[in-house]
Amino acid sequence: MTHRRLSRLPRPTAPTGPPKAELRPRSLGAVYGKSAEILPGGSYPLPAHLIDTASLIIALDRLESPLLPRQALRGLGEDGVLCLALLAALHDIGKATTGFAARYLPSWECMWAGALPERGGERGHTAPGQASALLEEWPLRLASAEDGPGDAEAAEIRQFIGLVIGAHHGKITSAMSRGAAREALAKALDHTADWAGVRHDLALLVWSALGRPRLAPGGAGNVPAAVAACALVPFADWIASQAPYIEGRRRRHLPEEWTPQTAAAFLASGVEDARAELRRMGLVPLKTADLPFEERYAFAPRGVQSSVCSDLEEHVSGPGLLIAADRTGGGKTEVAQEALQIFRRRMGADLGVGVFLPTMATTDAQFARWVKDLWPILGGQAAVELLHSMAPYSEDAARLLEELKATDEARLRAAAPGRLAVERHGEEAGRGLRLSEAGTHKLLRLQAPVVVATVDQLLAAALPARFQPFRMAGGWGRVVVIDECHAYDVYMRVLLRTVLAWLGAFGVPVVLLSATLPAKVARDYLQAYRKGAAVWGGRAEPPARDDDLPALPYPGWVHYDSASDATAASPRVHSEPAPLALASHAFTSGGGRLDPVARARGLARACMPLLEPLLRPGGQGCALVIVNTVTSAQVLTALLRAEAPAGCEVHLLHARMQGKQRAERTARLEALFGKRGEDDPADRPQRPERAIVVATQVAEQSLDWDFDTAVSELAPLSLILQRAGRAHRHRAPEQVPAPWREWAVHVLADVEPETGEPAEAPPYAHAALLQTWRTLLEGAALQEEGRRWRRTVEVPHGVQELVEAAEPGLHLLGCEGDEAFEEALMSWWAEEGVAAGRGDQAAVPSPGPNLGRADLHRLTEADLDVEEVLSTRLGADSVRLLPVWEREGRLYLDPGASVPLPAAPGEDRAPSAEAVRTVIGHAIPVRRAPAWQEAVAGTAPGWFTDHPLLSEVIVVPFGDTVEASVIPGADAAPGHLPRARAPRRTVAFSTDYGLFTAPERAPGR
């Protein structure tokens, strides 16, 4: 009878009393690792599961996966990969105890000849496994010294193995004492049988099957090696534990009896099965052709692109950090893609790529961009993942990949085989990117060779939580590209510096891209990475401040090479200068922070004259107006529509729209104002002769749109330059309508009538607005007393100086003799200090001489939801409002009652992805504000409660009556009011304007 059928034996008659300590299970194969409760084929033997887990590590090595941090693994022993596989094979050794074995009685009965287990034992297996490593003899057999390690080395080996065993469920525990180890085994009722002998035999069985690799005692204190093991053992365990993998691939290979020979054969089949499973999941190295720049993009490199192509490679001898800075629209995406190829060549590895961005909108846009750019150079198939909170409920990624696949296949059918530019690699036919088969497990999906994600997916590795090392591994085996790296506040910068240090410690190449990165921030990032790289290179930690680091050229790049510990900056980059007119306009609304509607009306009055060449009869041109709040955008749009002539479209885009509506509107604007090319579909709409787009910060970054002119509400200068980059982006000056041929951005500032200084207004620090305004006016030509100024900056060479001048800082104290300005500076400094302190408290320790193996529990010690923490910081603690309308007792998601609220799923069933997608697609993200949100809220369906996204949805019933206008001051902005009134606040919903909410105006205003 084989072990596959042991779980089906009839229950034996139980003897009186517990089993005796000298009793052992009838065979190693009878000790179960996975019970029949979760496997349809019956219990699965523990030695099989241990070897399966080791097989996954070896399969990664056979596939030459860059996910294995080979430099760090050298700390485990002479053959670091096999030593890691050995640690993986030991992770569940604590299951060989009465406490665990008695969890599932049918499996217990297979082990013993008719003996029932003693009751009351603790059923966990992690602590007993750690205790076994600390107290028993088998760990010493695995050490490198033939005659056994000395006492100190033995203690290190024991603690190291125990640490990895303890961490495989995501929580690294502090060192266990021998007394605590004895107590853990006692609680698991280890004394009731010869479990110590079973564990000894299991350890030596898997060790022998692996070829008896020797763990190096010197590696026991190696922090990168320990972190690598704590990351990759759970990775292998999760894949090896999947029921389809066990039943579909592994069970048929189970031997009749476990011996060193049969275990080795089972390992060999396991490696082949693991390779096949990794290929199925798409977790294989990224194969690409290395094409010259011009052949790949069909245009010659320019500016920073040209410098990276010609000057960077000679400075790259291994992993490193590249910071590239150039004007908006300068082609930084191509810079990152060329750097990816350079790192792949110089490191001799099939590195993947991870692209991380600040918002879901920019992430979606860059996902399409990177997939389209990578597709033509692929040499096989690979997995790609779009990762953010809404990605699992969007079909856009899958639809895009299907479209590219169909287009590619059509081209291949039409082309002669000899003309194909890319040689096909791998065992699978064809080439292309596909979504990985990692299921809903986000940490496994993060291992796909191509990942485009919101930056919170990366920054999560800086927070102490379960599986933190595995989160960290999301950056391994790839080039990490962090776009728009200027876009983070002080708290997020602290986390990013921590992540950069750990990426440096594991030899991960990093590319930072920005158009407006202050020099101090760039140096902080470089220094953080260099600190980690010292661990990777086995060097002394660099000084906290290194004044020898070169400045970041603009435009240009600076590169730090981890292998040589050398830093290089680009030669002066030739870039055709383009004069940018910075036209500053002051107006007084009287609204300030307290009356956003009044402020928006003042903004509209100031904006109208600037757009007059477009609004007048026969006018032409397309303008982008970016304001700082949704309320301003809604009011301004309504007032502009009242003034716009027939044929002049006024579009609105902001974040307080229904998700589906915002996505459709973004796609529409992309079709109208995005970059055009030869591959455009025949039905792409023509660019309008005149149009106005009013938007908030959602249009600020990573959207490749091109307008004739830009208008911006006063914001930090780096953001004004980002907004200016949405104009004169692709077309030659002669293609721009005559009134707009000068590249200009008009900056509108709401000023105090008494001082002429900008009034406080959300969402930016007052000090940043004051310093930006002063920088804009410095050296500017006065065009109207107290109202209009104008200065010109040469782009790109004059940008960095301007950005630095506009940065607030304590060095400005006493320079201006302005008490209000100094008060704003002190307030800014205090808020920045508090945010930095919170970041330091929240972040895990950085790698370095002060972090030893005994401190690694700090990486996972906090019991927090990292995604909630990061979304709170990035999203200002947001919730989603779901407008609903009731018709005949049923709820609908639109006023016309054409989209019903999805029905509740069956009992004990989760809602379908389609149901979640429908709800979230009609919900509106807003900042949490219980005072008014609770007032208008209705009762959410019960099935929302247990879903991670739907549980944060607030259902708001709206009335059927269509109000003539829900935007104050606008004659025609129809919408609906909620059935319940919010105290002292206007709340309304419009299918065109989105959710409007603002404090009610005080009487007389």
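Is Leu-810 buried, partly exposed or exposed? The legends below cover this residue and several aromatic contacts in a predicted model.

**View 1. Leu-810 in a nonpolar surface patch.** Leu-810 is partly exposed, at 34% relative accessibility. Its place is the loop between helix H30 (799–805) and helix H31 (819–842). Leu-810 forms a nonpolar patch on the surface with Leu-813, Met-826 and Trp-829. Together, these four residues have about 340 Å² of accessible area. Patch members need over 30% relative accessible area, so Leu-810, at 34%, clears that cut-off.

**View 2. The aromatic pair of Phe-293 and Phe-299.** The structure holds 18 aromatic pairs. One of them joins Phe-293 and Phe-299, with ring centres 5.6 Å apart. The planes stand at 80 degrees to each other, and the pair is edge-to-face. An angle over 60 degrees counts as edge-to-face, which is why this pair gets that label. Phe-293 is buried, with a relative accessible area of 6%. Phe-299 is partly exposed, at 25%.

**View 3. An aromatic cluster.** Four residues make up one cluster here. They are Phe-235, Trp-238, Phe-467 and Phe-470.

**View 4. Arg-250 over Phe-266.** Arg-250 lies over the face of the Phe-266 ring. The distance to the ring centre is 4.1 Å.

**View 5. Arg-774 over Phe-821.** Here the charged end of Arg-774 sits over the ring of Phe-821. It is 4.2 Å from the centre of that ring.

Conventions:
Residues numbered from 1 in each chain as written. Predicted model: local features only at pLDDT ≥ 70, side-chain atom pairs only at ≥ 80, totals over all residues. Heavy atoms only, no water. Phe/Tyr/Trp six-rings, centres within 6.5 Å; stacked < 30°, edge-to-face > 60°. Buried < 20%, exposed > 50% of the residue type's maximum accessible area, 1.4 Å probe, protein only. Lys NZ or Arg CZ within 6 Å of the ring centre and 35° of its normal. Patch = residues over 30% accessible without salt bridge, like charges linked within 9 Å, V, L, I, M, F, W, Y side chains within 5 Å. Areas by Shrake-Rupley, 256 points an atom, 1.4 Å probe, with all protein chains shown as cover. Salt bridge = Lys/Arg side-chain N within 4 Å of Asp/Glu carboxyl O. Helix = DSSP H or I, 4+ residues; strand = E, 2+ residues; numbered from the N terminus.
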